[in-house]
Amino acid sequence: MKKSHILAIAVIAVAIGIIMSTVGDASVYVSFREARERAADGNLTKVHVVGRLPRDGQKNIMGLEYNPTLDPNYFAFTLVDTNRIAQRVIFFNPKPQDFDKSEQVVITGAMRNDVFVADKILLKCPSKYVEKDIKGATAQR
């Protein structure tokens with residue numbers, strides 16, 4: 001065999017190894033009900049859950065638990081998924097910046113007993129452009 005053939009086979013083998021290792025880390029989007037079912041079946045693979053934060057009449061987030069002086073790496077909150085199922089979520093890291101301003105939250109993790117333990121939190125924050133600001137912005141002559 002030529003050296004170029006051996007090199008090509010080695011490159012292909014490395015590429016296959018990389019692809020196979022990333023397939024194991026892939027997770028799917030599910031509801032809290034499906035995440036509970038997966039955990040009950042013994043499937044502890046990570047999943048994504050999309051939801052919104054429940055708010056009271058003054059637009060304050062309900063069920064938020066974070067005390068950085070007591071434990072800065074414990075953050076708990078309630079999330080309501082797209083099927084309107086509320087679930088307690090625990091995140092063993094500091095509270096993300098602008099969490100209070102977020103419209104939608106995507107969490108990655110798995111169910112453990114009766115709580116969802118999140119590894120990552122992705123926030124969808126409101127647009128910095130508000131409709132009234134866009135209407136008021138006109139070109140100056």
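Predicted model: local features only at pLDDT ≥ 70, side-chain atom pairs only at ≥ 80, totals over all residues.

Student: Which side chain of opposite charge is nearest to Asp-81, and how far away is it?

Tutor: Asp-81 sits in strand S4, residues 75–81. A salt bridge needs a side-chain nitrogen within 4 Å of a carboxyl oxygen. Asp-81 is buried and has no salt bridge; the nearest side chain of opposite charge is Arg-36, at 6.9 Å.

Student: Which backbone nitrogens does the side chain of Asp-81 reach?

Tutor: The contacts of Asp-81 beyond four places in sequence include Ser-31, Phe-32 and Arg-33. A polar atom of the Asp-81 side chain lies 2.9 Å from the backbone nitrogen of Phe-32. At 2.8 Å, the side chain also reaches the backbone nitrogen of Ile-85.

Student: Which helix and which strand each supply at least two residues of the lining of the largest cavity?

Tutor: The largest cavity has a volume of about 50 Å³. Its lining includes Ala-35, Arg-38 and Ala-39, as well as Gly-109, Ala-110 and Met-111. The elements asked for are helix H2 (32–40) and strand S6 (104–112).

Student: Is Lys-46 buried, partly exposed or exposed?

Tutor: Lys-46 forms a salt bridge with Asp-119, with N and O 3.1 Å apart. The pair is 73 residues apart, with Lys-46 in the loop between H2 and strand S2 and Asp-119 in strand S7. The relative accessible area of Lys-46 is 46%, between the cut-offs of 20% and 50%, so Lys-46 is partly exposed.

Methods: Residues numbered from 1 in each chain as written. Heavy atoms only, no water. Helix = DSSP H or I, 4+ residues; strand = E, 2+ residues; numbered from the N terminus. Buried < 20%, exposed > 50% of the residue type's maximum accessible area, 1.4 Å probe, protein only. Lys, Arg positive; Asp, Glu negative; His and termini not counted. Polar contact = N/O pair within 3.5 Å; in protein donor to acceptor, adjacent residues only side chain to side chain. Contact = heavy atoms within 4.5 Å. 1 Å grid on protein atoms, 1.4 Å probe; cavity = no way out; pocket = protein on both sides within 12 Å on 5 of 7 lines; lining within 4 Å. Points joined across faces, edges and corners; volume = space filled by probe spheres on them.
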